[in-house]
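Have the structure open as you read.

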Amino acid sequence: MSEVRRRVLARSMDPLPEESLPGYLLRLAYRLGRSPGRIAELCGISDGRQRRLVADHLLELPADTATAFAQESGLSEAEVRGLALMRYARTYPALRVKRGAESPQTGRKGYFGSVSHFYSASWSVNFSSRYCPDCLVGDSSAVQVAYGGAWSLRWHLPVVFACSQHQRLLDVRCPSCRKPINQSYAGRATLITQPSNSVRLHPVQCRNTVPGSGDRVSRVRLCGARLDQPTDHDVQTQVSPADHAHLIELQRQLDQLLFPAAASVDEEQPRGWTIQELIPIAQLLTLSWPAGRNLAPSDGLASLIDEYAAPIHAHLLKAPARRNAQLRLLWSAPQDSAQCGALLLSAKALLDEAPDEAALRERVRPLAQFAFENAPASACRSFFSRPDFSPGLARAMARRVHGFYAAGPLEYATLRVPSRACRFTVEEVPSHLPTSWYDKYFGDFAAHVPLANLYTVRHLRRAASLKLAEMAAGGSWRNCAEALDIPVGQAHSALVKLRHQFGDSGLWTRFEDVTEALAHHLDVLPERINYARRRRALAEWQMPDEDWTALCSDVRQADRFTAQYGTTLGTVLAWTEATQADYHLCPLLDRMRSGPTGIARLIDELSAFFTPANHRGGRLELRHRIARYAARLGEEDGDRGGLPVAVAQRNSRWA
């Protein structure tokens with residue numbers, strides 16, 4: 001015979017569909033004539049505190065606690081687990097945020113603050129339940145006639161602001177005492193308000209404390225108002241009939257995403273946006289309000305968001321936010337159902353208007369820029385440093401200055417996302433745009449640059465490589481310069497000079513478009529060169545004497561080149577061709593700069609080789625031979641990751 005489970009409680013109850021843990025405790029306590037705190041203690045889920053029950057249990061019961069609860073209440077462990085919010089974790093990833101891990105806003109360990117602050121800042125849970133009075137009435141079954149309908153678990157999700165079944169917005173406050181349901185005690189969240197109070201209340205009665213008669217015996221009392229009765233304080237009157245219809249439709253779509261098993265087979269799943277995208281956009285709207293006011297479907301809904309966001313910004317301006325406890329005001333979902341629905345509906349409107357990444361960037365960038373310029377700096381650091389944005393959303397939110405991810409004292413997480421989905425890698429980006437690429441894609445562009453000078457071409461070639469690196473690997477232009485082995489000072493100099501030359505002509509947008517066309521070309525190349533590997537392979541290399549002799553055979557001025565510079569000139573020219581980098585950055589020149597002799601004359605000679613006006617005679621012939629030599633040098637050695645050897649032994653003729 002199977003072992004009979006020991007049932008400590010004299011009587012128990014079956015959970016109602018989608019009933020929450022606090023709702024179940026309220027019904028069970030009412031049936032047994034005990035306080036909810038006493039029932040929690042008997043079921044093994046009390047931590048011994050007199051005035052609070054552990055709020056974390058609303059999300060998930062520890063395994064041993066769930067087992068004890070099941071044994072002592074006569075439920076199965078599956079039924080016990082079904083009373084907690086983690087049953088929705090698959091469709092609502094915000095529930096996967098764990099306390100003690102990294103902060104969802106700052107990425108730092110050890111988030112300080114109450115449990116309610118932590119979870120509300122990530123839109124994980126509302127510990128103060130919203131409710132639908134019609135649902136609390138229950139159906140006509142005997143158990144619901146006696147004890148009321150279920151306190152639904154989904155009402156604790158911040159994105160559930162309406163009841164699709166009864167076509168109404170959820171209430172938040174008691175109609176009598178006007179306090180939120182399950183109000184926190186002394187600033188700390190609890191499963192049930194006043195759990196140890198011995199006053200026997202129906203499960204749908206308000207348990208908030210209100211002032212009593214004033215004598216020593218009754219300074220406070222429990223409100224006791226019924227929450228399943230119609231009231232004069234109806235949340236439905238906050239919005240117009242048209243806005244109400246839009247809010248209910250949005251809730252229906254959210255329900256399909258959150259609870260797909262309960263959706264009708266003939267209901268079409270929402271397309272074009274996800275809850276994981278909706279929440280960050282809603283938070284960005286709050287952070288950048290009123291920049292996104294035009295996204296609200298109506299003036300009435302915009303006013304609701306203004307009622308929520310404006311006081312938050314006013315508070316933060318008066319007392320600059322330096323602690324997460326203050327910043328949470330920006331990240332938490334509005335408690336009011338109408339305000340929350342209006343915010344989510346505006347976020348959905350933005351996503352609906354952005355069918356692709358380009359459109360998403362176009363709509364998100366103004367909001368992000370407004371936030372950077374107007375919101376508290378600590379709030380922006382907290383928000384834009386989040387690591388959990390989708391790649392497309394991170395690219396849209398990344399701050400840009402003159403065509404590049406902005407480089408600042410703090411590297412935002414959004415900047416670490418490639419600014420484009422590329423098939424090429426950053427190692428396949430040359431640090432100095434090859435002449436053939438430049439002529440094809442930037443030749444016409446350069447002709448329209450005002451204030452152009454002799455060095456504009458060099459700066460454009462360097463800036464284009466930095467932009468390609470950003471597309472492939474992300475990061476600010478500083479990070480891209482480091483990835484391409486370009487000194488930060490030289491990268492900065494090129495960008496500053498281009499900013500001066502471009503001025504306010506709008507050329508940065510065109511620069512991005514031209515670089516995008518080049519990136520597409522790289523995407524479709526059947527084979528690409530690993531330039532980073534070539535730079536590493538050739539870092540200590542110097543051209544063998546026999547190779548230089550073969551290259552200079554029958555070339556005018558070759559004797560002078562050899563007499564003055566030996567193989568140094570050939571080494572720098574070959575390195576430049578093989579790596580497609582600026583010859584100024586050749587490692588050999590760096591070593592020579594630290595030597596006793598100067599390299600000014602050598603630099604002048606190299607400059608002549610790269611000046612189009614001097615591309616004739618012996619220099620032109622030698623450039624052609626060096627190009628063929630460098631191609632074979634890279635293909636046979638550098639592209640395999642090994643150190644180059646004497647190429648002259650394989651082919652002594654380069655003519």
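Which residue takes a positive phi just after α3? In this predicted model, the residue is G74, with a phi of about 80°.

Let's stay with that helix for a moment. Helix α3 covers residues 63-73, and its buried residues are T65, A66, A68, F69, A70, E72 and S73. Among the elements covering those buried residues are α1 (21-32), α2 (36-42) and α4 (77-81).

Now hop over to R420, which sits in the loop that runs between β6 (404-405) and α16 (435-446). Is R420 buried or exposed? R420 counts as buried because its relative accessibility is 12%, and the cut-off for buried is under 20%. The R420 side chain has a polar contact with the side chain of E516, at 2.9 Å. Leaving out residues up to four places away in sequence, R420 touches R395, M471, E516, A519, H520 and D523. So E516 turns up both as the polar partner and in that list of touching residues.

Zooming out, here are some numbers for the chain.

| Property of the chain | Value |
|---|---|
| Helices and strands | 27 helices and 6 strands |
| Buried residues | 54% of the 655 residues |
| Accessible surface | about 29500 Å² |
| Carbon and sulfur part of the accessible surface | 50% |

Technical notes:
Residues are numbered from 1 along each chain as its sequence is written. This is a predicted model: local features need pLDDT of at least 70, side-chain atom pairs count only at pLDDT 80 or more; totals for chains, interfaces and linings use all residues. Side-chain values use heavy atoms; hydrogens and water are left out. Helices (H or I, at least four residues) and strands (E, at least two) are DSSP runs, numbered from the N terminus. Buried means under 20% relative accessible area, exposed over 50%, partly exposed in between (1.4 Å probe, protein chains only). Accessible areas come from the Shrake-Rupley method with a 1.4 Å probe; for residues, only the protein chains shown count as cover. Contact means heavy atoms within 4.5 Å. A polar contact is a pair of N or O atoms within 3.5 Å; within protein, one must be able to donate a hydrogen and the other to accept it, and residues adjacent in sequence count only if both atoms are side-chain atoms.
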